[in-house]
Amino acid sequence: MASFAKLGRGNIVERVEVVSNDIATTEQAGIDFLNNLYNTRDVWKQTSYNTIGGVHLLGGTPFRKNHASIGFTYDPTLDAFIPPRTFNSWLLNKETCQWEAPVALPDTENRYNWNEITKQWDLDE
């Protein structure tokens, strides 16, 4: 099965549809199928269910950095789906297209929560 993300204003993902591999033999074939099905000329981009943070979970070739979900943004320069920003202070890692805290998570077995006011990790009590 092939997954396709419908892009709306600002390249924001509005929905994700699954199309049989028998139909979506290419990305364009899947796009044409969806636009014919819905009688539209929407913008669709194929997305990989098995790709997260630029890694294919089954050892295959990663595709567009992350599986698209509603609310993600498609960045045509990076050819990637980017999740919504977690916190305003977090920075985009362009290799993984994931948001990262400006301060590394402490390397302990304890649980922490991000404190956006102090811009640090607080111990979860």
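1. R64 is located in the loop that connects strand 5 (55-56) with strand 6 (73-75); strands here are DSSP runs of E with at least two residues, helices are runs of H or I with at least four residues, and both are numbered from the N terminus. R64 is not a glycine, yet its phi is positive, at about 60°. With a relative accessible area of 9%, R64 is buried (buried is under 20% relative accessible area, exposed over 50%, partly exposed in between, with a 1.4 Å probe and protein chains only).

2. On the basis of the note: this is a predicted model, in which local features need pLDDT of at least 70 and side-chain atom pairs count only at pLDDT 80 or more, while totals for chains, interfaces and linings use all residues. Residues are numbered from 1 along each chain as its sequence is written, and side-chain values use heavy atoms, with hydrogens and water left out.

3. D79 belongs to the loop between strand 6 and strand 7 (80-82). Its relative accessible area of 33% makes D79 partly exposed.

4. An open sheet is built from 3 strands in the order 2-1-3, with antiparallel pairing; two strands count as paired if DSSP finds at least two bridges between them. Strand 2 (13-19) and strand 3 (43-47) are the edge strands, and each has a single partner strand, so one side of each lacks a neighbour in the sheet. From one strand to the next the twist averages 30°.

5. Within this sheet, 6 bridges connect strand 1 (residues 2-7) with strand 2 in the antiparallel sense. S3 has V18 of strand 2 as its bridge partner.

6. Helix 1 (residues 27-38) lies across strand 1, strand 2 and strand 3, and runs at about 135° to strand 3. Contact means heavy atoms within 4.5 Å. Axes are lines fitted to C-alpha atoms, for helices over the stretch in contact, and angles run from 0 to 180 degrees between N-to-C directions.

7. Rings of Phe, Tyr and Trp (its six-membered ring) pair if their centres lie within 6.5 Å, with planes under 30 degrees apart counted as stacked, over 60 as edge-to-face and the rest as tilted. The model has 6 aromatic pairs by this rule. One of them is the stacked pair of Y38 and W44, with 6.5 Å between centres and 15° between the planes. Y38 is partly exposed, at 31% relative accessible area, whereas W44 is buried, at 2%.

8. Y74 and F81 make a tilted aromatic pair, 5.3 Å centre to centre with 55° between the planes. Y74 is buried at 6% relative accessibility, and F81 is buried at 0%.

9. The ring of Y38 also has the charged end of R15 over it, 4.8 Å from the ring centre. The criterion is that NZ of Lys or CZ of Arg is within 6 Å of the ring centre and within 35 degrees of the ring normal.

10. Strand 10 (residues 112-115) and strand 11 (residues 120-123) run antiparallel and are joined by 4 bridges. N113 is placed opposite D122 of strand 11. The hairpin of these strands has 4 residues between them, and K119 there takes a positive phi near 60°.

11. One aromatic cluster is formed by F87, W90, W114 and W121.
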